[in-house]
Amino acid sequence: MGKYILKRVLSMIPLLFVVSILVFLFIHLIPGDAARQVAGATATAGEVEAVRKQLGLDQPLIPQYIQWITGIFHGDLGISYTNNTTVAELFAPRLPITIYLTICSITWSVLIGIVIGVVAAINRGRTLDMLGMLIAIAGISLPNFWLGLQLMQIFSVNLGLLPTGGLEDWRGYILPSLAMGAGIMAILARVTRSSMIENLGKDYVRTARAKGLPESRVIMAHAFKNSSIDIITVTALQIGALIAGSVVVETVFSIPGLGRLLVDSIGFRDYEVIQALILFFSFEYMVINLIADVLYALINPRVRYE
Amino acid sequence: MAETLLEVKDLKTEFKRGKKDWITAVNGVSFQVRAGEIVGLVGESGCGKSVTSLSVMRLHSKHNTRITGEVTFEGKHLLELKEPEMQEIRGNEISMIFQEPMSALDPIMRIEDQLTEAISLHNQGLSKSEVHARCVRALKLVGIPEPEMTLRNYPHELSGGMCQRVMIAMAMSCEPKLLIADEPTTALDVTIQAQILALMEQIRNEHNTGILLITHDLGVVAETCSRVIVMYAGNIVEEAPVKELFRNPHHPYTKGLIESVPRLGRRVRRLPSIPGSVPDLSAMPSGCRFAPRCAYARPECSARLPELVEVGPDHKCACPFYANVRKEA
């Protein structure tokens, strides 16, 4: 198992390398002149050239890349020209907020999604199933920004229970994580349901019943354990959507997190911040997929030796 | 005569289809299994033999199945037991093994955990090492050469024959009085098949277990069973001791089944077969269900379902015109 994890971690290195190249080239790929953006609209041609030199943009690509990536390894993520601070300083207060929000969203959506899916599968074709799938359809169909606004309308404006935005205390996290997790909850409910229905019809479930196991154990120890393989796979795949969701939801709820920072930076063409954020989100995605793969291998003995 | 272990009386199993529509898969079957006896239950696919066995174990889903009749196991009426009482019988007093050994074991659970589950469920208070010792003993009983190693394996690391041995070991681990084997050798190749059948006979001899062997393979029946029940379209059509059945089949269906098995050393131009196929459960012919395919059918056969009647010692047949069948045979 240790060997598998090590192999899996090592396989992240080439991937990160490729991602870093793409992120680096990004500054050259998007339209507009980065040096002019930094220098400002009123700058003279000479000033723009000076900025270009200062940023190292006049050098060939490869030395530029090496300089950039070395900086990142030393914790130098670049400089935000809009805010006149380092990117690291911008990240420091925002990173924990986004991570906390992500963890909250994943936790509730996975738990509730699984519960709805299992209950629906056990009660297939009956009222509870219909109700569960109705919730799932709603969760998939409602866009998270709209859901966020509706939640705000109901709980903040009408009932006055929760804040409309900002993060004074933990209550500020409730509505954003509800809005962010709804889609994942819905997809997981559907995946869990169909996977459970499939597994409950399998021969080994019949064997488990024939052994005399109580139904609760048949469902949890056999059917659900096998379904968790599918559930982990789908959850890992949904992380991308969750990151994208954080960008929208943080904006809707005016939460000072990394997603909001991304939107603002794109607005100001603050290249180095955008680069650092994309690199961070890719890294986050990879780490979560790594965790999913390890869990997957822990549960499913058939993948360990491949 | 040995004591009767299982007595099935007029068992009828219906499945719900649509809102109020029920289709009958097993239409009132009655039979017995005695201790130390291997009873064969034969018939084509879809004749209701597996449904019968699952009904005895009450393993059908409650929501879409209706089971009526009487199933008595050692004086207990299984169909009237509460679910927890039934759980105490399943795997403990009546065990079951299935057709596809590879898929009948949980793919993501070690063999040891699957065996342990059955053993500790029905023997509470055993220590860990005692349970482990029983796992090893169970695997030894079914002739697995290195039990300690096999216990650590996952099902996908074992062959089909090994998986079926593990299944039998699991079924026998609580020393049940009755073993229901639903096509235990169908998915295995012939040499392994012979080993598994020999193993079941050995278990019967050593533990005096009653075995209900469900199969469509008459060769398997001839080799292992002492008594045979032939089912067709949800009904029992004939029941007899194995030698009597092969030597002296009464029902046209049984006769057809036996004739359609190729035999070495007998030259035939074309293997006889039964024309037509098993009727659909929702469109059962009236009267004798075999009549549309029967070479001896008469107009009165379609009038009403013939009853299973005694035609000789221990020999029952559900065809009133069996004498004609015999004459021509």
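Helices here are DSSP runs of H or I with at least four residues, strands are runs of E with at least two, and both are numbered from the N terminus. This is a predicted model, in which local features need pLDDT of at least 70 and side-chain atom pairs count only at pLDDT 80 or more, while totals for chains, interfaces and linings use all residues. Residues are numbered from 1 along each chain as its sequence is written, chains are lettered from A and ligands numbered from 1 in the order in which they are written, and side-chain values use heavy atoms, with hydrogens and water left out.

**View 1. B:Ser55 sits in helix H1 (residues 49–57) of chain B.** Is B:Ser55 buried or exposed? B:Ser55 counts as buried because its relative accessibility is 0% (buried means under 20% relative accessible area, exposed over 50% and partly exposed in between, with a 1.4 Å probe and protein chains only). Setting aside neighbours within four places in sequence, B:Ser55 is in contact (heavy atoms within 4.5 Å) with B:Leu11, B:Thr13, B:His60, B:Ile67 and B:Leu79.

**View 2. Here's the largest nonpolar core, with 96 residues.** A nonpolar core is a set of buried Ala, Val, Leu, Ile, Met, Phe, Trp, Tyr and Cys residues joined through side-chain atoms within 4.5 Å. The residues with the most contacts inside this one are B:Leu6, B:Phe31, B:Leu78, B:Ile168 and B:Ile180.

**View 3. Zoom in on B:Leu78 and its partners.** Not counting residues up to four places away in sequence, B:Leu78 touches B:Val56, B:Arg58, B:Val71, B:Phe73, B:Met86, B:Ile89 and B:Ile94.

**View 4. Chain A has 13 helices and two strands.** Its C-alpha atoms fill a box of roughly 85 × 55 × 30 Å, taken along the principal axes. Of the 306 residues in chain A, 46% are buried. Take the contacts between residues at least 6 apart in sequence: in chain A, 70% of them join residues at least 24 apart.

View 5. Among the elements of chain B, strand E3 (residues 38–42) has the highest mean pLDDT (95) and helix H12 (residues 322–328) the lowest (63). The model scores ipTM 0.87 and pTM 0.84.

Conventions. pLDDT is the predictor's confidence in each residue, from 0 to 100.
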